[in-house]
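Please take a moment with the sequence and the model below, and then follow the text through a few of the contacts between side chains and between helices.

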Amino acid sequence: IWVCIYNAQAGTYESVDFPLLNARAVDLQDRVSGGRFRRLVRFLKKVKGDISSNMTSFDVYSICKAIPPEFYSDASDAQLVFHLQKFYKWMLNDEKAMNNIADFTGTTYMFRNNEKRRSEAKEIYSALNSICLRLIEN
């Protein structure tokens, strides 16, 4: 099996010898956030699945990594929803910020010149809004 990463700027595939480093980065992010990073990832994956998004797990990790841990490290599970919703709102309303969100490896910008991913981000934001409204009503 050949593990590689697509470099969108260069239009090439690059060999990768650090999948374990990515796992370590996830572990580190989880420790820094007091165990909330994995919960954030799981929740976003569930939302992604509920709306049948084509976003990959790698994309989910990348978006969650872009959220500063101090933003959600003390959050309850219900509060994670609101933090994700706020992050998506900020991201969708700030073109420069959205363009500078890199994938988990830091080799490719996720949303730069990628209308499909931007559209998926809008769909997820809409789903998060619906979930937040239901939580407020209850």
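In this predicted model, Arg39 and Asp77 form a salt bridge in which the closest N and O atoms are 3.5 Å apart. Because Arg39 belongs to helix α2 (residues 36-50) and Asp77 to helix α4, this pair ties together parts that lie 38 residues apart in sequence. Arg39 counts as partly exposed, with a relative accessibility of 38%, and Asp77 counts as partly exposed at 43%.

Glu95 forms a salt bridge with Arg118, the closest N and O atoms being 3.1 Å apart; since Glu95 lies in helix α5 (residues 95-99) and Arg118 in helix α6, the pair ties together parts that are 23 residues apart in sequence. Arg118 also meets the side chain of Glu115 in a salt bridge, at 3.9 Å from N to O, and here both residues lie in helix α6, 3 residues apart, which is about one turn of the helix. Arg118 counts as buried, at 8% relative accessibility, whereas Glu95 is partly exposed at 46% and Glu115 is exposed at 57%.

How do the helices themselves pack? Two packed helices are described by the angle between their axes and the distance between those axes. Helix α4 (residues 77-93) and helix α6 (residues 115-137) pack at an angle of about 140 degrees, with their axes 9 Å apart, and that angle makes α4 oblique to α6. Among the residues that make the contact are Phe82 and Tyr88 of α4, together with Arg118 and Leu128 of α6. By class, this contact has 15 nonpolar, 2 polar and 3 charged residues.

How values were computed. Residues numbered from 1 in each chain as written. Predicted model: local features only at pLDDT ≥ 70, side-chain atom pairs only at ≥ 80, totals over all residues. Heavy atoms only, no water. Axes fitted to C-alpha atoms, helices over the stretch in contact; angles between N-to-C directions. Helix = DSSP H or I, 4+ residues; strand = E, 2+ residues; numbered from the N terminus. Parallel < 35°, antiparallel > 145°, perpendicular 65-115°, else oblique. Contact = heavy atoms within 4.5 Å. Nonpolar A, V, L, I, M, F, W, Y, C, P; charged D, E, K, R; others polar. Salt bridge = Lys/Arg side-chain N within 4 Å of Asp/Glu carboxyl O. Buried < 20%, exposed > 50% of the residue type's maximum accessible area, 1.4 Å probe, protein only.
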